[in-house]
Every structure is written in structure tokens, then in C-alpha cells.
Amino acid sequence: MEATARTKTEALAPCNSVVDGNFEEVPRETVIKFKPPLYRQRYQFVKNLVEQHEPKKVADLGCGDTSLLRLLKVNPCIEFLVGVDINEDKLRWRGDTLAPLMGDYLKPRDLNLTITLYHGSVVERDSRLLGFDLITCIELIEHLDSGDLARFPEVVFGYLSPSMIVISTPNSEFNPLFPSVTLRDSDHKFEWTRMEFQTWALYVANRYDYSVEFTGVGEPPAGAENVGYCTQIGIFRKNGGKAMESCVSEQHDQHVYKAVFTTSYPSLQQERFFKLVLVNEVSQQVESLRVSHLPRQKKQDGEWDDTPKDSQASSPCFGPVFTEVEKAKIENSPKPFCVGDKFFVPLQRLLAYPKLNRLCANEEMMRSGIADSIPLSSDGSAVVADLRDYSDEQF
């Protein structure tokens with residue numbers, strides 16, 4: 001598998017850090033500089049993987065400053081997003097950056113999203129992380145001492161057993177390309193060669209019934225291709241494809257992590273937000289149709305303007321562009337009509353428009369969603385509006 005977030009490296013520029021700002025200062029020598037930065041390449045790699053496989057439940061172990069979580073939260077397929085880290089202060093400090101913004105309320109997601117940050121160790125078992133589709137461990141394992149590293153597979157692969165696991169770790173064969181580097185971070189307990197990482201990964205995969213694929217991000221400069229990627233990555237897939245929900249009773253209700261932050265996003269699955277969006281879309285469409293049915297108006301040259309507003313609405317300059325199939329569906333639906341000064345738009349007509357069709361599966365669903373906010377005909381089959389209002393006086 002090719003890395004999805006590669007970039008050419010640039011061997012230039014004096015720099016105050018070797019990789020990702022891990023060192024306070026190094027001599028003014030030629031340094032490998034990645035564009036985009038290596039940490040962004042790692043996160044983009046995970047994001048691309050999420051877009052490809054569309055997991056619903058994702059957990060990032062060793063989430064640090066929650067940068068990866070913030071990148072993933074915009075993905076529409078994710079419904080549960082969890083971060084776990086040993087640094088409680090950092091989780092509390094960064095938690096608010098994961099909260100919904102005003103725009104999230106103005107345009108709710110299709111699916112619910114809950115984000116939770118837990119304080120705890122990645123080698124502790126917590127049943128709230130069972131049944132996940134994807135668990136990521138980005139630059140994590142090299143921070144574990146020998147005891148924790150031995151327990152790590154038992155917890156993540158054996159106990160949590162998600163459908164997919166992504167593990168990234170430094171490739172020590174790349175280190176000679178950096179000036180004055182033994183380990184890339186003072187907290188690293190080890191850094192593996194490609195052979196060491198692959199030997200460990202294949203053993204773990206075989207023991208816990210996973211397959212594993214190797215790739216990486218951060219290409220070496222020209223002439224040093226033999227050292228491989230700066231960051232090596234293993235993608236583990238559960239044989240059979242499904243996460244294990246909980247096979248034995250003792251796996252239930254093991255809550256050892258401390259929840260330090262949680263938030264939920266507005267979505268169309270929540271009735272109040274669904275109704276707000278639906279009422280707004282119906283109101284806009286009815287108004288567009290109402291204006292198109294106003295009496296003809298004279299142009300400046302004295303001729304009558306017979307241009308149908310519906311055809312203008314399909315122009316890129318005036319509104320959405322409909323496909324031929326969508327146009328045919330709209331034209332074949334019941335047309336709006338007037339009775340006296342009242343304007344009627346059949347619900348079946350509204351359901352023919354793509355945006356509203358996506359929101360509502362049928363007429364009854366639309367009727368129940370708008371009945372409290374928008375006037376309907378006596379039989380409930382159409383929206384009713386005044387044909388003229390004060391804004392039409394120029395006609």
C-alpha cells in the first residue's frame with residue numbers, strides 16, 4: 001500500500017527542531033525539512049484511511065493535544081470519537097477545541113457525533129472502548145517501557161480487538177540523516193528499525209488473529225532512499241473484519257478511565273434540529289415557487305418578462321443546478337396552484353426537490369415535521385402561503 005500523504009523532503013534550512021519540535025536546539029547544520037510537516041502527514045494518512053473505510057467508532061490512544069481528533073471530527077461517517085491520554089491537564093486544556101461551533105448548529109450533521117476524552121493509561125482495560133471500528137496509536141509505542149509494551153498488545157489487540165488498528169512509530173534507520181540524533185525525543189524508550197518493527201508487528205498480528213500491512217510517511221531525500229520512510233506505519237485488520245463487542249462477561253463495566261471531557265454535536269437525527277432544517281428548507285422552496293407565480297412584470301423596454309423562475313433557479317447564477325433526472329422528477333410532480341390570493345404547494349412537489357427529498361422519505365414525514373410551523377391545506381396535502389406580500393409591492 002502506498003502512503004497517502006507523501007511529500008518530497010527538502011534538505012535545507014537551519015532549524016531549532018529535528019522532527020516535530022522535539023528538541024530545543026540543534027547545531028546550525030543541514031536538516032531534513034518535511035512539507036507538510038511530518039505530524040500532519042501522519043494525521044492526513046489516518047484521515048484518508050477513515051474516508052476510505054468509513055468507521056463509525058474511532059479511538060485515538062495517546063491523543064496528546066487532540067490534533068488528530070479535531071481533524072477527524074469533521075468526517076461525516078464518525079459517530080463516536082474517543083481520545084485517551086495519560087496527561088489529564090492537556091486533555092482538559094484542549095477539550096474545548098472539540099466543542100461544536102455556531103456553524104455546527106446552523107448546518108447540523110446527518111449523524112450524531114459524541115466526542116469523549118479519557119484520562120488513563122493505554123495498557124489499562126476499559127470496556128467503554130470495546131466494539132470500535134478503528135483504534136489509532138500515532139507515535140505512541142516508543143513511549144512505553146518494556147513492561148507496558150508487553151501489556152500493550154494484550155489490551156489493544158486482545159481485549160479491545162477493534163476491526164482495524166493503525167500504529168506509527170519512528171524508523172531509526174532514518175535517524176542518521178538528522179544532525180546529532182540518537183533518539184528523536186527524550187521520552188522515547190526505544191526506536192525500532194524497519195525489521196524490528198515488522199518482526200514485532202507480525203508476531204502480534206499472528207497471535208491475535210490480525211493481518212498487517214506496512215507503509216509510512218516522510219520520504220527520504222534523493223540518494224538516501226534505502227533508509228525508508230521517516231515514520232513507519234503498520235495497518236492491522238482483524239481477520240473476519242468485525243470488532244469483538246465483548247465475548248466474556250467480565251469485559252462489561254470495567255470503567256477505569258476518568259472522563260474529563262465530553263460533547264455531542266447537533267444532527268438531523270435529533271428531532272429539534274431536523275425540524276429546524278426542514279422548516280427552513282421548505283420555507284425557502286415555497287418562497288421561490290411563490291415568487292415565480294407572481295403576475296408578469298414589464299421589463300424596462302416595455303415587453304413582458306415571461307422567463308419562468310423555475311428555469312432561472314437551475315442556473316449556476318441563481319441557485320442549484322439540477323440533473324436531467326432531477327428536472328424530470330420535478331416537472332412530473334404536482335404543480336403549485338392558486339385559489340384566490342392563496343398559493344398552494346403540494347408536498348409531493350416539495351419532495352421532488354433533491355434537498356428536501358434527502359431530508360424526508362415520504363409525505364407523512366414532511367407533514368409531521370412542518371405542521372407546527374408552516375400552514376397546511378385542510379387535508380394536509382399542501383403548504384399554503386399568501387400569494388402576495390409587502391415585498392411584492394413593486395409589481
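Accessible areas are calculated by the Shrake-Rupley method with a 1.4 Å probe, and for residues only the protein chains shown count as cover. In this predicted model, local features need pLDDT of at least 70 and side-chain atom pairs count only at pLDDT 80 or more, whereas totals for chains, interfaces and linings use all residues. Residues are numbered from 1 along each chain as its sequence is written, and side-chain values use heavy atoms, with hydrogens and water left out.

**Figure 1. Overview of the protein chain.** The protein chain exposes about 20,400 Å², of which carbon and sulfur atoms supply 51%. Of its 395 residues, 47% are buried; buried denotes under 20% relative accessible area, exposed over 50%, and partly exposed in between (1.4 Å probe, protein chains only). The secondary structure comprises 12 helices and 13 strands, taken as DSSP runs (helices H or I, at least four residues; strands E, at least two) and numbered from the N terminus.

**Figure 2. The aromatic pair Phe157 and Tyr210**. Rings of Phe, Tyr and Trp (its six-membered ring) pair if their centres lie within 6.5 Å; planes under 30 degrees apart count as stacked, over 60 as edge-to-face and the rest as tilted. By this rule there are 16 aromatic pairs. The ring centres of Phe157 and Tyr210 are 5.2 Å apart and the planes stand at 85°, so this pair is edge-to-face. It links distant parts of the chain, with Phe157 in helix α5 (residues 146-160) and Tyr210 in strand β8 (residues 210-217), 53 residues apart. Phe157 is buried at a relative accessible area of 1%, and Tyr210 is buried at 5%.

**Figure 3. The salt bridge between Arg358 and Asp110**. A salt bridge is a side-chain nitrogen of Lys or Arg within 4 Å of a carboxyl oxygen of Asp or Glu; the whole structure contains 17 salt bridges. Here the N to O distance is 2.9 Å. Arg358 belongs to helix α11 (residues 354-359), while Asp110 lies in the loop between α4 (102-106) and β5 (113-119), 248 residues apart. Arg358 is exposed, with a relative accessible area of 56%, and Asp110 is partly exposed, with 44%.

**Figure 4. The salt bridge between Arg290 and Glu287 in helix α7**. The two side chains meet at 2.9 Å, N to O. Both residues lie in helix α7 (residues 271-292), 3 residues apart, about one turn of the helix. Arg290 counts as buried at 2% relative accessibility, whereas Glu287 is partly exposed at 34%.
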